[in-house]
Amino acid sequence: MPDISQTLQSELLDVANALADAARPIALKYFRSSGQNLENKLDEGFDPVTIADKAIEREMRDILAKRRPDDGILGEEYENINGVSGFTWVLDPIDGTRGFISGTPTWGVLIAVDAGEGPVLGVIDQPYTGERFIGGFGTASMTRGQQTYDLVVRKCADVSDAIVFTTFPEVGTDAEGAAFKRVAGQAKLTRYGMDCYAYALLASGQIDLVIEAGLNAYDIQGPIAVIEAAGGIVTDWQGNPAHQGGQVIAASDKRIHAQAIELLNG
């Protein structure tokens, strides 16, 4: 991690919280409502975006223009902005839009600060449950209401004792799906469809592995910062940095991380 002063750390954290605070009422206005104004990004298939996605990202960009005008922005819904400060805000206004439009509270607002070689700060915010998971600068916590709790991943020595999550049962390509099934076949329990909330559960010590493919940088940078600050590990399927997306494995323990990578590449 680059050398970032305590003053700047506090400023970045304050801005990250301001972005998440601004996103909450917009998301809740449209969640489980009939006014989502759904669009499909694809000519073939289904990749939804709602009015809430766009409204949240616009609001976050407006805040950054006022408070961090020299920083870059990488967001899902609008064009990238190249900054001059060395910091880039990586934004996914609603990660898990399919869950959002289905009424399940598994989506979240993802925010990260990339200092050039990956995220140094990340937020997973779930407006409906009121949970905010924050990780960076050596600490990780979850806040709900007036209560704040430290986040610590749990130990898991063997894949046979692991709970593994992924969002889509097919995972990605046929080959990627087959690779995931090799891990799932060894695991104690496999669950599907949790979107970014799965990463929050891993950081909270509830589960052990999240394995996905086809991710973008804005899908994973927030979760990376939270999980790493909680003591976990996030890489691609070959053990390399995963902050640019693609194939991603998040693990609570380096032992099952190594075992899962071997199975993925078996």
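Student: Which residue in S8 does Arg 132 stand opposite?

Tutor: Arg 132 stands opposite Thr 143 in S8. A note on the basis of this reading: the model is predicted, local features need pLDDT of at least 70, side-chain atom pairs count only at pLDDT 80 or more, and totals for chains, interfaces and linings use all residues. Residues are numbered from 1 along each chain as its sequence is written, and side-chain values use heavy atoms, with hydrogens and water left out.

Student: How many bridges join S7 and S8, and in what sense do they pair?

Tutor: Strands and helices here are DSSP runs numbered from the N terminus, with at least two residues (E) for a strand and at least four (H or I) for a helix. Two strands pair if DSSP finds at least two bridges between them. S7 and strand S8 (residues 139-144) pair over six bridges in the antiparallel sense. The two form a hairpin with two residues between them, and Phe 137 in that turn has a positive phi of about 55°.

Student: Which strand is joined to S7 by six bridges as well as S8?

Tutor: Strand S6 (residues 119-126) runs antiparallel to S7, with six bridges between the two. Within this pairing, Leu 121 stands opposite Gly 136 in S7. S6 and S7 also form a hairpin, here with four residues between them, and Gly 130 in the turn has a positive phi of about 75°.

Student: Which residues point each way from S7, and are they buried or exposed?

Tutor: In a regular strand the side chains alternate between the two faces of the sheet. In S7, Glu 131, Phe 133 and Gly 135 point one way, Arg 132, Ile 134 and Gly 136 point the other way, and all are buried. Buried means under 20% relative accessible area, exposed over 50%, and partly exposed in between, with a 1.4 Å probe and protein chains only. Strand S7 (residues 131-136) is thus described as mostly covered, with six of its six residues buried.

Student: What covers the faces of S10, and how does S10 pair with S11?

Tutor: Both faces of strand S10 (residues 163-166) are covered: Ile 163 and Phe 165 on one side, and Val 164 and Thr 166 on the other, are all buried. S10 pairs with strand S11 (residues 189-192) in the parallel sense over four bridges. Thr 166 stands opposite Tyr 192 in S11.

Student: What span does H1 have, and what span is expected?

Tutor: The expected span of a helix is 1.5 Å times one less than its number of residues. Helix H1 (residues 6-30) has 25 residues and reaches 37 Å from its first C-alpha to its last, close to the expected 36 Å.

Student: How many disulfides does a search of the whole structure find?

Tutor: A disulfide is a covalent bond between the sulfur atoms of two cysteines. With the cut-off of a pair of cysteine sulfur atoms within 2.5 Å, the search of the whole structure finds zero. Cys 156 is buried at 6% relative accessible area, and Cys 196 is buried at 1% relative accessibility.
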